[in-house]
Amino acid sequence: MAPIPPRLFSAKTIFISNAGADSGLFPHPFTGDPDRAYNEFYAGVVSWGRYQLVASPDKADLVFELQLSAPNGPSNADKSKGASDPLPMIRLVIYDRPTHYALWALTESVLPANLQKTHDHNFDEAVSNLVLDAARLTKSLPSGMH
């Protein structure tokens, strides 16, 4: 198995950067505002208790940059040829702050839905999955989480 950068385990402080959200996602299909993914992700990372979150990137060992994007592409793409419909996705890039190098990136797609309530549920599920992916990567899972 390829190595995971040791900096992900040795870091003590992180800054969570909000790289924003593409336009056209709020208030439909998702309720709330463009900061929704950032706020939910931030709360998830706080629950780990693993890192000290700092208010300025210059005080951080790592920068977690979060972005919600809505890629353009065809609707009803020809799946028999390996194509897929573009889905909104939440991407996390983890940077080593002193060197500015990207150490790792994780992405979770937001599954499609027909109803507003299901859109919102799928959004929350994608953020929760991203928090869990990042926790597993950095070995930050609190006891009781899988």
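**Note on the core, sheet and aromatic pairs**

1. The largest nonpolar core has 29 residues, and Phe 41, Trp 48, Leu 62, Phe 64, Ile 90, Leu 92 and Phe 123 touch the most other members. A nonpolar core here is a set of buried Ala, Val, Leu, Ile, Met, Phe, Trp, Tyr and Cys residues joined through side-chain atoms within 4.5 Å. Buried means under 20% relative accessible area, exposed over 50%, and partly exposed in between (1.4 Å probe, protein chains only). At least two core residues come from each of β1, α2, β3, β4 and α3. Helix α3 gives the largest share, 8 residues.

2. A word on the source. This is a predicted model: local features need pLDDT of at least 70, side-chain atom pairs count only at pLDDT 80 or more, and totals for chains, interfaces and linings use all residues. Residues are numbered from 1 along each chain as its sequence is written, and side-chain values use heavy atoms, with hydrogens and water left out.

3. Now the sheet. It is open, with 5 strands in the order β2-β1-β3-β4-β5 and mixed pairing. β2 and β5 (101–109) are at the edges with a single partner strand each, so one side of each has no neighbour in the sheet. Strands and helices are DSSP runs (strands E, at least two residues; helices H or I, at least four), numbered from the N terminus. Two strands pair if DSSP finds at least two bridges between them. β1 (residues 13–21) pairs with β3 in the parallel sense over 6 bridges. Ile 14 has Leu 62 in β3 as its bridge partner.

4. Two helices lie across the sheet strands. α3 (residues 116–137) lies across β3, β4 and β5, at about 145° to β5. Contact means heavy atoms within 4.5 Å. Axes are lines fitted to C-alpha atoms, for helices over the stretch in contact; angles run from 0 to 180 degrees between N-to-C directions.

5. Which rings pair? Rings of Phe, Tyr and Trp (its six-membered ring) pair if their centres lie within 6.5 Å; planes under 30 degrees apart count as stacked, over 60 as edge-to-face and the rest as tilted. The count is 6 aromatic pairs. Phe 26 and Phe 30 have ring centres 6.0 Å apart and planes at 50°, so this pair is tilted. Tyr 51 and Phe 64 are edge-to-face, 6.0 Å centre to centre with 75° between the planes. Both Tyr 51 and Phe 64 are buried. Phe 26, Phe 30 and Phe 123 form one aromatic cluster.
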